[in-house]
Amino acid sequence: MKAFLSLNGVRKEFAGSVAVEGFTLDVTEGEFVSFLGPSGCGKTTTLRMVAGFEVPTTGRITLAGEDITYAKPNQRNVGMVFQSYALFPNMTVAHNVAFGLRVRKEQAAARDERVAQLLELIHLPDKGDAYPHQLSGGQQQRVALARALAIRPKVLLLDEPLSALDAKIRDELRYEIRRIQQELNITTIYVTHDQEEALALSDRVVVMSRGRIEQVGPPFEVYNNPATAFVASFVGQLNRLSAVVTNSASGTVRVGDSEVRTTSPVDAPGGSEVFLMLRPEELTLDDQADNVLTGKVDTVTFLGSIVRVQVAVNGGRLTADLFNERLLRLPVAGESTLISFPAHACWVMSRESH
């Protein structure tokens with residue numbers, strides 16, 4: 001599909017320090033894309049370059065076929081929602097939402113109609129006369145979202161908009177953002193360091209590290225088929241065991257005295273020391289899968305829908321996430337146990353790449 005928003009070879013330096021390097025991405029119209037990565041990886045800087053608050057050192061940004069690389073923020077028709085709600089405290093909710101429309105000198109009747117539509121969209125139709133201090137944090141962020149949408153932007157930009165909210169409100173508002181985005185079919189870029197947010201909201205996730213893109217893809221693909229060691233360790237929980245390659249072609253490694261089978265050849269010669277990587281949800285405390293190790297239960301943590309069990313294995317430690325159900329027998333710390341996993345659950349990575 002044709003790109004609606006395009007970043008081509010974008011680089012940004014601050015006083016000789018590179019914040020973003022070689023960033024190239026095409027976003028289609030109506031797509032929801034998240035920039036995911038740790039603090040300092042360049043995701044907010046990239047968003048600010050799309051918004052016009054920062055100018056690329058090199059590279060090009062186009063929106064709907066127009067080069068906006070050096071355009072001022074008010075010339076781009078983009079809406080931005082910040083981590084802090086940034087509402088005007090002396091204005092009512094309705095006046096906050098209408099602010100951009102007033103700046104554009106829209107007629108009062110059209111402006112009032114648009115505000116009413118947006119308050120209905122964010123499920124706050126009766127709060128137009130309220131002031132920001134009379135609203136909860138979640139309600140204030142909804143108003144900030146409505147204000148950004150009021151001007152009918154071509155692209156909606158959200159910079160960690162939920163990080164200041166408590167967990168329950170964050171979960172609720174997350175799905176509200178996705179609902180609104182899909183209802184309006186607006187192209188959206190969302191910045192977050194929260195992997196769960198990125199996976200839950202996005203059509204595609206852009207995983208970043210040290211100013212560069214590590215991987216771009218749908219959430220299912222990024223989680224289950226990480227392209228780099230960084231993506232594997234940053235997105236989701238991950239176990240890591242020291243192993244030795246026994247047969248590169250057949251994809252077998254040795255963990256302690258046990259041989260472990262994988263489904264792919266190992267890109268390392270026999271005898272090489274590597275890491276065996278496993279997701280906690282693919283481990284079970286039985287001998288029913290392709291590979292079986294013996295260990296001792298270290299800790300058992302009840303987390304509601306799952307039970308997290310840590311097992312000491314061959315000088316290392318594995319974490320298994322078991323789905324909770326009423327008849328589950330909880331393991332006991334100190335007892336011996338088997339822990340098994342299928343061959344397709346195994347990733348083998350060199351120590352250098354990890």
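**Close-up views of a predicted model**

View 1. Phe-230 and Phe-234 both belong to helix 8 (residues 229–234), where they sit four residues apart, or about one turn of the helix. This is a predicted model, so keep that in mind for every view here. The ring centres of Phe-230 and Phe-234 are 5.4 Å apart and the planes meet at 10°, so we call this pair stacked.

View 2. Phe-32 is part of strand 3 (residues 32–36) and Tyr-190 is part of strand 8 (residues 187–192), so the pair ties together parts 158 residues apart in sequence. Both Phe-32 and Tyr-190 are buried.

**View 3. Arginines lie over aromatic rings.** Look for Arg-240 and Phe-275: the charged end of Arg-240 sits over the ring of Phe-275, 4.3 Å from its centre. Arg-279 does something along these lines with Tyr-223, lying over the face of the ring at 4.1 Å from its centre.

**View 4. Now for the largest nonpolar core.** This core has 33 residues, and Val-97, Val-143, Leu-145, Leu-149 and Leu-156 have the most contacts inside it. Which elements give two or more residues to the core? They are helix 2 (93–103), helix 3 (108–121), helix 4 (137–150), strand 7 (155–159) and helix 5 (167–184). Helix 4 gives the most, with seven residues. Zooming in on Val-97, you'll find that this residue touches Val-115, Leu-118, Leu-119, Val-143, Ala-146, Arg-147 and Ala-150, leaving aside residues up to four places away in sequence. There is also a second, separate core of 28 residues, and Phe-35, Cys-41, Leu-63 and Met-80 are among its members.

**View 5. Stepping back to the whole chain.** The chain has eight helices and 19 strands, and its C-alpha trace spans about 75 × 50 × 35 Å along the principal axes. Of the 354 residues, 49% are buried. Among contacts with a separation of 6 or more, 66% link residues 24 or more positions apart. The accessible surface comes to about 17,000 Å², and 48% of that belongs to carbon and sulfur atoms.

Definitions and conventions. Residues are numbered from 1 along each chain as its sequence is written. This is a predicted model: local features need pLDDT of at least 70, side-chain atom pairs count only at pLDDT 80 or more; totals for chains, interfaces and linings use all residues. Side-chain values use heavy atoms; hydrogens and water are left out. A nonpolar core is a set of buried Ala, Val, Leu, Ile, Met, Phe, Trp, Tyr and Cys residues joined through side-chain atoms within 4.5 Å. Buried means under 20% relative accessible area, exposed over 50%, partly exposed in between (1.4 Å probe, protein chains only). Contact means heavy atoms within 4.5 Å. Rings of Phe, Tyr and Trp (its six-membered ring) pair if their centres lie within 6.5 Å; planes under 30 degrees apart count as stacked, over 60 as edge-to-face and the rest as tilted. A charge sits over a ring if NZ of Lys or CZ of Arg is within 6 Å of the ring centre and within 35 degrees of the ring normal. Accessible areas come from the Shrake-Rupley method with a 1.4 Å probe; for residues, only the protein chains shown count as cover.
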